[in-house]
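Here are a few notes from going through the side-chain contacts. Have the structure open while you read.

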Amino acid sequence: MARTSIIIRTKNEAQKLPHVMEMLAQQTDRDFEVLVVDSGSTDATLEIARVHGARIVHIAPESFTYPHAINVGCRAARATTYFLILSGHSIPISATWLADGIAHFTHQSIAGVYGNVWAHQDAGIWEKFLFNEYRGRRQIARGRVRYVHRAGMGVLGFTNALIRRDLWEQYPIDEAYAGGGEDRAWARHWIERGYTIVCDARFSVYHSHGLGLWGLVQQYRHWCEVVQPRPYARLAYRHRRRSDGTH
């Protein structure tokens with residue numbers, strides 16, 4: 001069995017998934033499996049996944065919620081030690097991305113690792129300004145590695161997060177957070193029990209939704225609303241330009 005299961009949520013991710021798979025194939029740490037949790041793709045997503053040797057688990061589109069898709073993947077995973085939760089359009093930034101993330105689990109107090117988010121090359125000007133110029137420069141100024149003891153917005157975002165299997169088995173992703181915020185809730189659960197979350201700039205991905213300024217405003221409002229559990233709702237602002245793997 002592999003040490004790490006890379007669990008990728010997909011729905012119609014044929015545009016970016018080949019780049020994701022190519023970067024996974026380049027990783028210096030090879031002790032992993034790739035598991036795709038697909039919720040009804042109608043494009044070439046499943047063919048791409050098969051060509052790259054991924055196992056595929058299907059869920060019905062009508063059953064999709066963020067935490068449910070992750071839990072389905074975790075239950076099907078064969079990894080002994082770590083789950084790496086990844087969006088179908090989150091592209092690792094380097095060949096040492098996985099090794100850099102796993103390196104932090106030398107101490108039992110570490111529950112999870114995440115990194116920065118950089119806008120794709122084909123992202124809109126506002127996404128590039130927000131994620132690359134504004135947030136990116138602030139994160140670099142704060143240091144390459146940060147130890148997080150408060151579950152604020154963006155902490156352990158499940159667009160790209162590495163967590164311990166044994167902790168997930170004790171406390172699976174809370175499916176009451178069907179509409180989002182399940183990542184922050186999981187981080188908060190373990191931080192309140194004395195664990196630490198690590199943010200490492202080397203464990204980062206390219207990830208964006210092709211949003212304009214108004215779409216980014218709506219996205220921020222959504223993030224503010226998912227502090228508490230809420231039902232799943234299709235995010236209309238993400239569908240004005242293209243579909244994505246998180247519905």
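1. Let's start with Arg202 and Asp100, which form a salt bridge whose closest N and O atoms are 3.8 Å apart. Arg202 sits in the loop between strand 10 (196-200) and strand 11 (205-206) while Asp100 is in helix 4, so the pair ties together parts that are 102 residues apart in sequence. Bear in mind that this is a predicted model.

2. How accessible are the two partners? Arg202 has a relative accessible area of 32%, so it goes down as partly exposed. Asp100 counts as buried because its relative accessibility is 11%, and the cut-off for buried is under 20%.

3. Another one of them joins Asp29 to Arg3, with 2.4 Å between the closest N and O atoms. This pair also links distant parts of the chain: Asp29 is in the loop between helix 1 and strand 2, Arg3 is in the segment before strand 1, and 26 residues separate them. Asp29 is at 10% relative accessibility and therefore counts as buried. Arg3, at 27%, counts as partly exposed.

4. Then there's Arg193 with Glu192, where the closest N and O atoms are 3.9 Å apart; the salt-bridge limit is 4 Å. Arg193 is partly exposed at 47% relative accessibility. Glu192 comes out at 59%, so it counts as exposed, the threshold for that being over 50%.

5. Have a look at His89 as well, in the loop between strand 4 and strand 5. Is His89 buried or exposed? Its relative accessibility is 0%, so His89 counts as buried. The side chain of His89 makes a polar contact of 2.8 Å with the side chain of Glu13.

6. Last, helix 1 (residues 17-25). Its buried residues are Leu17, Pro18, Val20, Met21, Met23 and Leu24. Residues three or four places apart on an α-helix point the same way, because there are 3.6 residues a turn. What covers the buried residues of helix 1? The cover includes strand 1 (4-10), strand 2 (32-38), strand 4 (82-87) and strand 5 (91-92). On the helical side, helix 2 (45-51) and helix 4 (97-102) are also among the covering elements. Helix 4 is where Asp100 from the opening point sits.

Terms used:
Residues numbered from 1 in each chain as written. Predicted model: local features only at pLDDT ≥ 70, side-chain atom pairs only at ≥ 80, totals over all residues. Heavy atoms only, no water. Buried < 20%, exposed > 50% of the residue type's maximum accessible area, 1.4 Å probe, protein only. Helix = DSSP H or I, 4+ residues; strand = E, 2+ residues; numbered from the N terminus. Contact = heavy atoms within 4.5 Å. Polar contact = N/O pair within 3.5 Å; in protein donor to acceptor, adjacent residues only side chain to side chain. Salt bridge = Lys/Arg side-chain N within 4 Å of Asp/Glu carboxyl O.
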